[in-house]
Every structure is written in structure tokens, then in C-alpha cells.
Amino acid sequence: MTLRKSGNSLVLTAPSTLKDKVGYKYEVENRSDGSIVYQPVKKQNIFDNLDWMQYDYQKDLLEDPELQQLNPVGKEWPKE
């Protein structure tokens, strides 16, 4: 395997047996012995996080002006 430069990035060619992994994200670890280890990034469910479980969404809906209900103008009124 040869490290190549492609634009502003460095690229290592992966074997074709990994074609079902195209699009996955990987963490790279460069070890002191010179080895490079790629490990898939595990997707985190933000709703399993205690901070997000205790987050007050209703407060945001009431206080954030960008989340307020819009008053329709002109042709935006729904047809009855």
C-alpha cells in the first residue's frame, strides 16, 4: 500500500473487499511503532445522552423567536 497525495489530502488505498464500507467514517490512530489503525466511528444517539434527555424543548419553542409560529400574509393563508 502506498500513501498518495490527492489534492490537499493523503490517501491510502483500501482493498476491494471493503466495497460494502464505502461512505463509512473512520477514526485513524497513528501508533508509535509506525502502524496506522482505522476503526469505524460509532454513531452516537444524542437522545441517550443525559444532557439531551433533560433538555427543555418546550422552553425553546416558547423563547426562541426563530421557532415561533408565523403569521401568514397574503396568499400564504390556507385555502378553505
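Q: Helices are DSSP runs of H or I with at least four residues, numbered from the N terminus. With that in hand, where is Trp-52 found?

A: This is a predicted model, so keep in mind that local features were taken up only at pLDDT of at least 70. Trp-52 sits in helix H1, and H1 spans 50–53. Leaving aside residues up to four places away in sequence, Trp-52 touches Ile-46 and Tyr-57.

Q: Is Trp-52 buried, exposed or partly exposed?

A: Read the relative accessible area: under 20% is buried and over 50% is exposed. Trp-52 is at 35%, so it counts as partly exposed.

Q: Now the rings. How many aromatic pairs does a search of the whole structure find?

A: The search turns up two. In one of them, Trp-52 and Tyr-55 have ring centres 5.4 Å apart, with 45° between the planes, which makes the pair tilted. The other joins Tyr-55 and Tyr-57: 5.0 Å centre to centre and 65° between the planes, an edge-to-face case. The angle decides the label, because planes under 30 degrees apart are stacked, over 60 edge-to-face, and the rest tilted.

Q: What do the ring pairs link into a cluster?

A: Trp-52, Tyr-55 and Tyr-57. As for solvent, Tyr-55 is partly exposed with a relative accessible area of 36%, and Tyr-57 is partly exposed as well, at 37%.

Q: Which residues form the nonpolar patch on the surface?

A: For a patch, think of nonpolar side chains that still show some surface and lie within 5 Å of one another. Here the members are Tyr-24, Tyr-26, Val-28, Ile-36 and Tyr-38, and together they have about 510 Å² of accessible area. Strands S3 (26–30) and S4 (36–40) each supply at least two of the patch residues. Take Tyr-26: this residue lies in S3 and is partly exposed, with a relative accessible area of 33%.

Q: Last one: in which sense do strands S1 and S2 pair, parallel or antiparallel?

A: Look at the bridges between the strands. S1 (residues 3–6) and S2 (residues 9–12) pair in the antiparallel sense over four bridges. As an example, the bridge partner of Lys-5 in S2 is Leu-10. S1 and S2 make a hairpin with two residues between the strands, where Gly-7 takes a positive phi near 70°.

Conventions: Residues are numbered from 1 along each chain as its sequence is written. This is a predicted model: local features need pLDDT of at least 70, side-chain atom pairs count only at pLDDT 80 or more; totals for chains, interfaces and linings use all residues. Side-chain values use heavy atoms; hydrogens and water are left out. Rings of Phe, Tyr and Trp (its six-membered ring) pair if their centres lie within 6.5 Å; planes under 30 degrees apart count as stacked, over 60 as edge-to-face and the rest as tilted. Buried means under 20% relative accessible area, exposed over 50%, partly exposed in between (1.4 Å probe, protein chains only). Patches are made of residues with over 30% relative accessible area and no salt bridge: like charges are joined within 9 Å, nonpolar side chains (Val, Leu, Ile, Met, Phe, Trp, Tyr) within 5 Å. Accessible areas come from the Shrake-Rupley method with a 1.4 Å probe; for residues, only the protein chains shown count as cover. A salt bridge is a side-chain nitrogen of Lys or Arg within 4 Å of a carboxyl oxygen of Asp or Glu. Two strands pair if DSSP finds at least two bridges between them. Contact means heavy atoms within 4.5 Å.
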